[in-house]
Amino acid sequence: MSLSLDATQLDRYSRHIIMDEVGPDGQARLLDASVLVVGAGGLGSPVIQYLAAAGVGHLGIVDDDVVERSNLQRQVVHGDDDVGTPKVESAAAFVRRLNPDVDVDGYETRLTKENVELVADYDVVVDASDNFPTRYLVNDFCRIHDIPVAHGAIYKFEGQATTLVPDGPCYRCLFPEAPEPGTVPDCATTGVLGVLPGTLGCIQATEAVKLALDAGDPLVGRLLFYDAMDMTFETVPYRQNPDCLVCGDDPIDSVADVEYTDACTVSSD
Amino acid sequence: MHVTVEVVGEETHDVSVDDDGTYADLVRAVDLSPHEVSVLVDGSPVPEDQPVEVDRVKVLRLIKGGAP
């Protein structure tokens, strides 16, 4: 048994520790890991729950919203008493209540080029964002700094997940630029099945744990498409694009020249 | 020419396009907007203003949300 785990931890994480694929060393690795969750909404909630329960020792949470009553149908780390409270505050309180092993840092802000350097302090990032500028900023910054990302997105009854690692294709290899504003609807206007982000967020949390453990076969070069109404999963393979402006043959080395509004385009300068 | 258009998560369509038809024409033919999708050929996106050169494409819709 690893000497780095105390008796309480050996008990708390016993179902991890008895598995060869995790074991005491793997659990110690999780306790040493730092994961940043970008977004504490529908996707971020189950991610935060399961990473905290798993004993990821350092969790960062970025979100600039406050809890609204209409969030509670799906954002399961927040409760009725949290309405009006910043989501990072509510989520951090949830984590502290669940697992005292986890240090949690809340950033009550929207991730932008001006503050994105905070991401560099983390081993793994979970993209649970709800907008394209943040999603492309996370992709670009993490690729430049060799930080793996567990990505997820949802719409009504369907979701997409993929994992972006330094040696694999990035999000721009699939979607080179964001769509024009207003051309892709969001959950606020179309609705979303409350349990849907639970399914996708758990897939993202699974990927984040695997990345932190350096175990298993992550969802690299594959986009998982989930349809809740048909209860089907489809895997779409995709490849690194040599013309990708972030991970292709002539990549950018900074996000400074990228415009993270509207279409998230990269300057040709 | 005839092209098989597989929309991920939805139906697969057989679409006819003119010889100079573009990938954007394929997308519009299956009632989607070129703004909201990537057209994948062998796992990589193709510029949608380019003429169609293959007989099978996969169309992946870009979705936005993390459920704010």
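A: The contact between the two chains takes 43 residues from chain A and 22 residues from chain B. The model is a predicted one, and every value below is computed from it. Between chain A and chain B, an area of about 2600 Å² is buried. Carbon and sulfur atoms give 59% of that buried area. On the side of chain A, Asp130(A), Phe175(A) and Arg239(A) supply 18% of the area buried against chain B, which is more than any other three residues supply.

Each partner may now be described in turn, beginning with chain B. Its secondary structure consists of 1 helix and 5 strands, and from the N terminus on the elements follow the order β-β-α-β-β-β. The radius of gyration of chain B is 12 Å, while the globule rule gives 11 Å for 68 residues; the two values are close, so chain B is as compact as a globular protein of that length. Along the principal axes, the C-alpha atoms of chain B fill a box of roughly 45 × 20 × 20 Å. Of the 68 residues in chain B, 59% are buried. When contacts in chain B between residues at least 6 apart in sequence are considered, 48% of them join residues at least 24 apart. Chain B exposes about 3200 Å², and 40% of this comes from carbon and sulfur atoms. Its side chains include 5 positive and 15 negative ones, and the centres of these two sets lie 10 Å apart.

Asp42(B) lies in the loop between strand S3 (37-41) and strand S4 (44-45) of chain B. Its phi is positive, at about 50 degrees, although Asp42(B) is not a glycine. Most residues other than glycine have a negative phi. Asp42(B) counts as exposed because its relative accessibility is 61%, and the cut-off for this class is over 50%.

Chain A contains 9 helices and 8 strands. A compact globule of 269 residues would have a radius of gyration near 18 Å, and chain A agrees with this, since its own value is 18 Å. The C-alpha atoms of chain A fill a box of roughly 55 × 40 × 40 Å along the principal axes. Buried residues account for 56% of the 269 residues of chain A. Among its contacts between residues at least 6 apart in sequence, 65% join residues at least 24 apart. The accessible surface of chain A is about 11500 Å², with 48% belonging to carbon and sulfur atoms. Chain A carries 17 positive and 45 negative side chains, and the centres of the two sets lie 5 Å apart.

The buried residues are Gly23(A), Pro24(A), Gly26(A), Gln27(A), Ala28(A), Leu30(A) and Leu31(A). They pack against helices H1 (7-12), H2 (14-17), H4 (44-54) and H9 (196-213) of chain A.

Leu30(A), which is found in helix H3, has a relative accessible area of 0% and is therefore buried. Neighbours within four places in sequence aside, Leu30(A) is in contact with several residues, including His16(A), Ala54(A), Val209(A) and Leu213(A). Leu30(A) and Leu211(A) are 181 residues apart in sequence, yet their C-alpha atoms are 9.8 Å apart in space.

Helix H4 of chain A is also mostly covered, with 8 of its 11 residues buried. Among them are Pro46(A), Val47(A), Ile48(A), Leu51(A) and Ala54(A). Just after this helix, Gly55(A) takes a positive phi of about 85 degrees, and Gly55(A) is itself in contact with Leu30(A).

Two further residues of chain A complete the picture. Thr134(A) is placed in helix H6 (residues 132-144) and counts as buried because its relative accessibility is 4%. Apart from residues up to four places away in sequence, Thr134(A) touches Val38(A), Arg110(A), Leu111(A) and Ser129(A). Lys156(A) lies in the loop between strand S5 (149-155) and strand S6 (158-164) of chain A. Its phi is near 55 degrees, a positive value in a residue other than glycine. With a relative accessible area of 31%, Lys156(A) is partly exposed.

Key: Residues numbered from 1 in each chain as written. Chains lettered and ligands numbered in written order. Predicted model: local features only at pLDDT ≥ 70, side-chain atom pairs only at ≥ 80, totals over all residues. Heavy atoms only, no water. Helix = DSSP H or I, 4+ residues; strand = E, 2+ residues; numbered from the N terminus. Rg over C-alpha atoms; globule rule 2.2 N^0.38 Å. Buried < 20%, exposed > 50% of the residue type's maximum accessible area, 1.4 Å probe, protein only. Contact = heavy atoms within 4.5 Å. Areas by Shrake-Rupley, 256 points an atom, 1.4 Å probe, with all protein chains shown as cover. Lys, Arg positive; Asp, Glu negative; His and termini not counted. Charge placed at Lys NZ, Arg CZ, Asp CG, Glu CD. Buried area = accessible area lost by both parts, 1.4 Å probe.
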